[in-house]
Structure formats: C-alpha cells, structure tokens
Amino acid sequence: MRFLLTLLCFTLDLLSCLYVRAHTRPLSQQSSRWPVPYRRVDERPDVDSYCEALYPFCPNGDRDGRIPYMRDTDSISVYRLQAPVWEFKYGDLMGKFHIMHDAIGFSSAETESNYTMEWYELFQLGNCTFPHLRANASAPFWCNQGAACFFEGVDDVHWSQNGTLEKIAVITGDMFNDMAQWVQEDNQTGIYYETWTVRSDPGPNATVWFESFDCSQFVHRTYRKLADLGAKLSSSSPTKYTKVYLYSGEPTYLGNDSTIFGQPSMKDLAADIQKFYYTFRPHQSYVDFAISLVDIYEKVVVHKNFYLYYNSEYWHLPMKPPYMQIVYEEVPLP
C-alpha cells in the first residue's frame, strides 16, 4: 500500500509479472563499475516534431541557455531557489510529499537586475520518465531531453511562499562569466533527463546502480563549479533536495533499439518492454489509470520487474523492497 501511495503522488505529474529473458552483453562490454556513467553527447541534436510540451519550455528566457555578460567588477549575489513541482497547478500539494524543483537566482549590484537559472524537461517530467508507444514504430519513442533556461527576473513569491529563497554567496562578474561559459558547454553535452536514482537498498552502504540527471543535479554541478572558481557558499539551513529512488538487485543490460526491436530473436523481450510501458501511457481516463496502478503493482511488486531506459539503452531491474521512495535528503553545499 505504501508503494501505491508513493507511486500515486508521483504520477500526478507523470501521467496529467512478466519474466525477463535477459540478453546480456559479451563479458568485455558488461558494465565494469557502478554507477553506470551518464553518457554525454558531442552536441545537442534537433528535437523530433512529434514531441510537444503541454507548457512551452523556457517561455520567458533564451531556449539555448545563453546568459548575458556581466562586467568583471560587478558583484553578483547568488540565491538558492526551491519550490514544489508544478506549484502553479497544485499549490503546495507536491511540497507535502517533498517533490521539489530547484533553481538558482542571481542579482547584479551594478545593474540591479535579477535572473533565474534552472534546468528542466523540454516536454514535462512524464515524457522524460516514460515513452510514447507509437502505432507505426516498433520501439518506444522517447521525448526525454532536458536543458538549461536563463531568464530575467526572480519570482520572489513563487520561491519563498512554499519553498526556499536564500542568499548563499556573492561572486564577482568575472566568476559569473566563467560559470556562464561552463553552463553553455554543460547544456550542449548533457541533454537527456534521467528521473530515477537506482540503488541496491536504502542503507548508507548501498550500491548505486544509476544516478539521476535532473534539476537538482544541475544545481549541484553549478554549485561545485562556483566553488571551483573560488566562491564561498554557505546556508543557514539544511540544503535538502528531492530524490526518487528505485531499489533493485544488480541490473542486467538488455540492449538498445536496434538490438531489441525489430529483431526476430528478441521479439519476446521487445513485447515485454512494450507491455510494461503501456501501463504508464499518458492521457488515461480515471478508470484506466486505476487499472494501470494495479497492473504496475503486479509488475513491480509482485513480479519484481522494472525496465529502465538509461543512456538510450534498456536495463532490467530485479526490484527489491521498498521498491520506490521519494526522499528529501540533505546534500551539503561544496
């Protein structure tokens, strides 16, 4: 029941067993270390026109994440920003489950201009977490890119009313410009949103199989870059962030689109993956959604199966209790 309640609150945003025949890599290709490294690309590819956002990405800023130049002598205040996911729609509901969105604010002393910088999904969280099953395609279709958005202004009420707006550092204009250049490079190579952090168990000595790549991870990377540039970051309160955990035994690599889908020898595995993701399809009626929740419980809890898509490849997770948790945990500033 606890698993279903956790899944229900999480799928408010995501959605508005079968035995796995493992197709393993040759020994030389098996993952030799955990967690599996997040794979970056040489440059950001164009987005397929099939992918459409319910709410446009970065409506008030530069979609390519370009950041204005600051004078070297400027003094820039840095703010930690956090608010419940989709607060504009659900109010503080997501905050009660500690499902929070993170961003960074900046304020220029010379120009008195304020800015917000955040990294999030191009096509909402559900599309980054689960695919579309298209009638004319054998493989699931993913709209899972994320990107940085930088825009002028900081919505004080949005961040402070149910979340956090806290000054954590003061940097020079020169440090800001170096950070801006790093953001451009990071934004062009780290393009795929990864929702899940997968661990062997909730304990402190657990093995991490896969790391998430989401809004909070972007904030952490930016803080580390600022620290590397000489910034002194400090907070008067614990710096906590949302993590969505899956718990499993050691994952098994299955393959990618070309090695699984459309291959006669892999038709059973391909069908299993399609059936698994069908239960997470978008735009379900309330009745279908209730049926899907039961089906998800059977697949994940009863049969202990989960298919993870990471680095454009599929993995099988042999699930373990407590299966899934949303954890609001402290990550100290660098």
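Cys51 counts as buried at 10% relative accessibility, where buried means under 20% relative accessible area, exposed over 50% and partly exposed in between, with a 1.4 Å probe and protein chains only. This is a predicted model, in which local features need pLDDT of at least 70 and side-chain atom pairs count only at pLDDT 80 or more, while totals for chains, interfaces and linings use all residues. Residues are numbered from 1 along each chain as its sequence is written, and side-chain values use heavy atoms, with hydrogens and water left out.

The partner of Cys51 is Cys143, and the sulfur atoms of this disulfide are 2.1 Å apart; a disulfide is taken as a pair of cysteine sulfur atoms within 2.5 Å. Cys143 is likewise buried, at 3% relative accessibility. The link of Cys51 and Cys143 is left-handed, with -85° about the S-S bond. Because Cys51 sits in the loop between H1 and E1 and Cys143 in the loop between helix H4 (124–129) and strand E4 (146–152), the pair ties together parts that are 92 residues apart in sequence. Helices (H or I, at least four residues) and strands (E, at least two) are DSSP runs, numbered from the N terminus.

By the same rule the count comes to two disulfides, and the other one joins Cys58 to Cys149, with an S to S distance of 2.0 Å. The link of Cys58 and Cys149 is right-handed, with 80° about the S-S bond. Here too distant parts of the chain are linked: Cys58 belongs to the loop between H1 and E1 and Cys149 to strand E4, 91 residues apart. Both Cys58 and Cys149 are buried. With the bonded cysteines numbered in sequence order, the pairing reads 1-3, 2-4.

Two further cysteines deserve a word. The sulfur of Cys128 is 8.5 Å from the closest cysteine sulfur, that of Cys143, which is too far for a bond. For Cys215 the closest cysteine sulfur is in Cys128, at 11 Å, again too far for a bond. Cys128 is buried at 5% relative accessibility, and Cys215 is buried with a relative accessible area of 8%.

Turning to charged pairs, a search of the whole structure finds nine salt bridges, each defined by a side-chain nitrogen of Lys or Arg within 4 Å of a carboxyl oxygen of Asp or Glu. One of them brings together Glu166 and Arg80, at 3.5 Å from N to O. Glu166 lies in strand E5 (residues 164–172) and Arg80 in strand E1 (residues 75–84), so this pair ties together parts that are 86 residues apart in sequence. Both Glu166 and Arg80 are buried.

Arg221 and Asp186 also meet in a salt bridge, at 3.0 Å from N to O. Arg221 is found in helix H7 (residues 215–228) and Asp186 in helix H6 (residues 173–189), so the pair ties together parts that are 35 residues apart in sequence. Shared partners extend the picture, with salt bridges joining Arg40, Asp186 and Arg221 into one network. Arg221 and Asp186 are both buried. In the salt bridge of Asp92 with Lys96, the closest N and O atoms are 3.9 Å apart; Asp92 is partly exposed at 26% relative accessibility, whereas Lys96 is exposed at 60%.

As for confidence, the mean pLDDT of the chain is 90, and 90% of its residues reach 70 or more; pLDDT is the predictor's confidence in each residue, from 0 to 100. Over residues 8–31 the pLDDT is below 50, and this stretch has 70 contacts in the model beyond near neighbours in sequence, a contact being heavy atoms within 4.5 Å.
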